[in-house]
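Here are my notes on the model you sent. Please keep it open while you read the points below.

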Amino acid sequence: MYAPAIVAEAVVNGLLTGSVYALIALGLTLVYGVLHIINFAHGALLTCAMFAVWVAHTALGLDPYLAIPLLTPLFFGLGYVLQRFVIGPASRGNDSNILLVTLGLAIAIENALLAIFRSDTRTLSTDYGFQTVELGPLLIAKPRLIGFAAALATTLILWLALARTDTGKAIRAVAKEKLGARLVGIDVEHVYAVTFGLGCACLAVAACLLMPSFYVNPRVGNAFVLVAFTIVVLGGMDSIPGALLGALFIGAVESLSGLYFGDSLGQLGIFVIFIVVLLVRPTGLFGAKA
């Protein structure tokens with residue numbers, strides 16, 4: 001048995017990690033809630049964002065956290081262009097085609113990254129990468145604490161944008177009733193592209209928060225997206241608060257599983273939770289019934 005202080009430290013670190021997972025899951029939740037499809041390119045786009053952070057640091061000397069204002073609008077634009085001029089036209093209005101197109105995008109992005117960066121694993125070296133902060137009896141990694149604050153701020157900004165802005169109201173209208181939104185003059189295709197762009201912008205912020213304490217290779221995004229899918233199902237497929245709370249819960253479960261079963265089995269608890277939720281409440285903890 002571990003001392004209570006060690007268990008508490010594992011839970012707190014798991015919650016901090018879960019906040020960054022929430023940003024990855026938010027992108028999936030947004031795209032599913034509005035476009036009603038699963039974006040199979042999500043993991044590849046996260047990998048692309050992480051490489052962008054690495055390039056910005058190694059080539060431009062830009063700190064990962066200071067790269068957020070640069071990469072967030074860049075990846076919003078990338079997501080907008082991909083949905084408006086690639087995924088939308090190629091799908092021809094068929095949801096199954098959208099799944100195939102995003103899967104094709106994922107394969108293309110991963111292979112392009114392999115061709116450019118090879119299969120080598122890369123990390124960033126920062127002054128604060130291994131620094132810790134004392135919170136009472138707990139020692140918390142400084143990058144995780146910064147990531148927690150930034151992730152919560154990003155989630156709040158996104159929620160306010162969806163709740164208070166005209167674009168946010170248009171997104172919610174299209175998610176609720178696409179035909180009705182089109183009849184009142186909302187450009188549905190533009191809203192789709194904006195939503196996809198917001199999902200990619202969340203990935204850019206998540207990549208900037210991950211890189212000070214994580215590594216990147218051309219396939220690393222897939223592991224994060226497996227966790228994000230679990231979070232989305234746990235929280236409810238179209239619920240932003242559910243994605244945040246589900247991510248915090250999953251982060252704590254992963255951390256405790258790693259403590260008791262070892263790092264190699266750290267994600268065991270996540271997938272046990274995933275199976276139980278599917279069996280007991282397929283709509284998720286905060287999802288609405290069909």
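1. A nonpolar patch sits on the surface, built from Y2, I6, Y260, F261, L268, V272, I275, V276, L279 and V280. Together these residues have about 990 Å² of accessible area (Shrake-Rupley method, 1.4 Å probe, with only the protein chains shown as cover for residues). Patch members have over 30% relative accessible area and no salt bridge; like charges are joined within 9 Å, and nonpolar side chains (Val, Leu, Ile, Met, Phe, Trp, Tyr) within 5 Å.

2. The model is predicted: local features need pLDDT of at least 70, side-chain atom pairs count only at pLDDT 80 or more, and totals for chains, interfaces and linings use all residues. Residues are numbered from 1 along each chain as its sequence is written, and side-chain values use heavy atoms, without hydrogens and water.

3. Which helix gives the most to the nonpolar patch? It is α11, with six residues. α10 (240-261) and α11 (268-280) each supply at least two. Helices here are DSSP runs (H or I, at least four residues), strands likewise (E, at least two), numbered from the N terminus. Y260 lies in α10. Y260 counts as partly exposed because its relative accessibility is 41% (buried is under 20%, exposed over 50%, partly exposed in between; 1.4 Å probe, protein chains only).

4. Helices α2 (residues 42-60) and α3 (residues 68-91) have axes that come within 12 Å and cross at roughly 145 degrees. Axes are lines fitted to C-alpha atoms, for helices over the stretch in contact, with angles from 0 to 180 degrees between N-to-C directions. From α2, the contact uses L45, C48, A49, A52 and V53; from α3, L71, F75, L78 and L82 (contact: heavy atoms within 4.5 Å).

5. Q83 is also in α3. Is Q83 buried or exposed? Buried, at 6% relative accessible area. Beyond its neighbours within four places in sequence, Q83 touches L35, G88, P89, Y192, A193 and F196.

6. The salt bridge count is three (a side-chain nitrogen of Lys or Arg within 4 Å of a carboxyl oxygen of Asp or Glu). D187 pairs with R84, closest N and O atoms 3.8 Å apart. D187 is in the loop between α7 (178-183) and α8 (188-210), R84 is in α3, and they are 103 residues apart.

7. R219 and E110 form another salt bridge, 2.7 Å from N to O. R219 lies in the loop between β4 (215-216) and α9 (220-235) and E110 in α4 (residues 95-117), so the pair ties together parts 109 residues apart in sequence. R219 is partly exposed at 46%, whereas E110 is buried at 11%.
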